[in-house]
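This report covers selected helix packing, sheet and loop features of one model. The model is predicted.

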Amino acid sequence: MTQLRTVRFSAALFAMVSSCTLSATSAPTNVPAVSPVPANKLAPTPPMGWNSWNHFAGRITASDVRAMADAMVATGMRDAGYVYVNIDDTWVGERDATGAIRPNAKFGDMSALAAYVHARGLKLGLYSSPGAKTCAGFAGSHGHEDQDARTYAAWGVDFLKYDYCGARDQYPVTRENQEALFRRMGHALRQTGRPIVYSLSQSGDFDIWRWAPQTGANMWRTTPDISDDWASMSKRGFRQLDLGAWSRPGHWNDPDMLEIGNGGMTADEYRTQMSLWSILPAPLLAGNDLRSMDAVTKEILLNREVIAVDQDPAGTPARRLETRGDLEVLVRDMSDGSIVVGFFNRGERTAEVNLAWRRLGDRFRQGATARDLWRHAAVAPGSGYAGSVPRHGVVLLRVTPAT
Ligand code: GLA
């Protein structure tokens with residue numbers, strides 16, 4: 001864990017140091033404006049998969065990626081909907097004489113790696129930056145956007161995470177410059193003709209949710225990097241409730257990857273992350289070592305009733321029904337006419353909760369049936385729900401009006 005933190009810290013430190021050095025010696029200019037990128041029609045529901053950064057950070061290798069692809073099949077993750085296998089920062093090597101990007105020695109033949117992933121019914125994701133360098137100091141796509149997009153497509157890449165971090169030292173940090181650089185890669189990906197999900201990464205600067213869809217992006221980070229602790233996760237997750245209006249099929253707010261199974265939170269806290277990301281809804285990108293998941297981690301990541309909430313085709317955003325002290329009661333309309341209700345206890349003690357079905361609207365005045373999505377059981381018949389929610393835990397119900 002210490003080593004992992006060190007790698008993440010050094011990436012951040014690198015960005016800060018390079019930023020200071022370059023801004024003192026160069027006179028950055030603005031990026032010429034770029035036209036909007038039409039929607040690519042991908043990601044009708046939030047993308048699901050796995051990403052290397054949270055567990056492996058800079059240590060990820062091609063053999064780890066193959067092992068994760070195998071584990072995604074063996075554990076049932078693929079069949080539950082997790083299909084993207086995404087390699088984050090540190091895969092890039094040097095450009096060749098023609099300027100084409102090449103992987104470093106940890107990776108070798110990217111076409112062979114894509115073929116391995118595809119043969120298992122999965123899709124491959126890569127990471128780059130609009131800067132000359134990525135966040136961790138590897139070569140970025142600056143000035144090579146079209147060429148890199150063509151290379152990714154030729155390899156068989158299906159997803160690109162494009163991280164602004166490495167470009168911060170090259171241009172004045174403005175919304176216009178970010179938007180132009182993100183649009184530039186958006187066009188490049190479209191011109192390949194290959195369906196490639198486009199995922200933007202920055203910290204939610206300049207209200208990115210307002211302008212990201214016009215870059216061609218399918219999802220965009222809305223927060224600084226998550227870490228594997230309650231404060232970091234809960235702050236990022238609940239913050240999304242103010243941004244729901246900007247998220248819709250094809251275009252998703254991304255409060256960062258899952259930490260479930262990485263060891264820093266309790267099972268209740270991890271159930272909260274899974275429930276919250278699903279009710280919002282948000283992309284579900286697991287970030288743990290899939291080869292060594294314990295039973296609780298599997299039970300959380302593979303909860304198909306909760307995944308079905310995340311993947312509901314309407315993609316309607318969650319809203320707050322009420323906040324009572326540390327208790328958040330969130331609701332979301334499902335496409336089948338049911339409502340998902342989440343009782344989230346952000347407090348330090350068990351909370352007693354109750355809700356009369358009629359609070360959910362007129363359709364519920366004649367009563368309702370409800371299912372507890374973590375207990376996998378029907379809620380006892382009655383005019384509403386009463387129960388208790390553990391510290392930092394959640395009760396998630398799917399409530400259907402009586403007919
Ligand atoms: C930034 C991103 C992270 C990760 C690292 C890699 O910090 O926000 O998600 O991609 O870069 O260097």
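## Helices 9 and 10

The axes of helix 9 (residues 230–239) and helix 10 (residues 267–279) cross at roughly 15° and come within 10 Å. Helix 9 is therefore roughly parallel to helix 10, since angles under 35 degrees are classed that way. The crossing in which helix 9 passes helix 10 is left-handed.

On the helix 9 side, the contact is made by Trp-230, Met-233, Gly-237 and Phe-238. Helix 10 contributes Glu-269, Thr-272, Gln-273, Leu-276 and Trp-277. Sorted by class, the contact of helix 9 with helix 10 has 5 nonpolar, 3 polar and 1 charged residues.

## Helices 6 and 7

Helix 6 (residues 145–155) and helix 7 (residues 175–192) have axes that come within 8 Å and cross at roughly 40°. The two helices, helix 6 and helix 7, are therefore oblique to each other. Helix 6 passes helix 7 in a crossing that is right-handed.

From helix 6, the residues that meet helix 7 are Glu-145, Asp-146, Asp-148, Ala-149, Arg-150, Tyr-152 and Ala-153. Their counterparts in helix 7 are Arg-184, Met-185, Ala-188, Leu-189, Gln-191 and Thr-192. The class counts for the contact of helix 6 with helix 7 are 6 nonpolar, 2 polar and 5 charged residues.

The model contains an open sheet of 8 strands in the order 9-8-7-6-5-2-1-10, and the pairing is parallel. Strand 9 (252–254) and strand 10 (284–286) stand at the edges; each has a single partner strand, so one side of each is left without a neighbour in the sheet. From one strand to the next, the twist averages 25°.

Strands of a sheet pair through backbone hydrogen bonds, in a parallel or an antiparallel sense. Within this sheet, strand 7 (residues 197–201) pairs with strand 8 (residues 219–221) in the parallel sense over 2 bridges. Ser-199 has Met-219 in strand 8 as its bridge partner.

Where does Thr-45 lie? Thr-45 is placed in the loop between helix 1 (2–25) and strand 1 (48–51).

Apart from neighbours within four places in sequence, Thr-45 is in contact with Trp-252, Gln-311, Asp-312 and Pro-313. With Gln-311 there is a polar contact from side chain to side chain, at 2.5 Å. Another of these contacts, Trp-252, falls in the range of strand 9 (252–254), which stands at an edge of the sheet.

Notes. Residues are numbered from 1 along each chain as its sequence is written. This is a predicted model: local features need pLDDT of at least 70, side-chain atom pairs count only at pLDDT 80 or more; totals for chains, interfaces and linings use all residues. Side-chain values use heavy atoms; hydrogens and water are left out. Axes are lines fitted to C-alpha atoms, for helices over the stretch in contact, and angles run from 0 to 180 degrees between N-to-C directions. Helices (H or I, at least four residues) and strands (E, at least two) are DSSP runs, numbered from the N terminus. Angles under 35 degrees count as roughly parallel, over 145 as roughly antiparallel, 65 to 115 as roughly perpendicular and the rest as oblique. A crossing is left-handed if the near helix is turned anticlockwise from the far one by less than a right angle, and right-handed if clockwise. Contact means heavy atoms within 4.5 Å. Ala, Val, Leu, Ile, Met, Phe, Trp, Tyr, Cys and Pro count as nonpolar, Asp, Glu, Lys and Arg as charged, and the others, Gly among them, as polar. Two strands pair if DSSP finds at least two bridges between them. A polar contact is a pair of N or O atoms within 3.5 Å; within protein, one must be able to donate a hydrogen and the other to accept it, and residues adjacent in sequence count only if both atoms are side-chain atoms.
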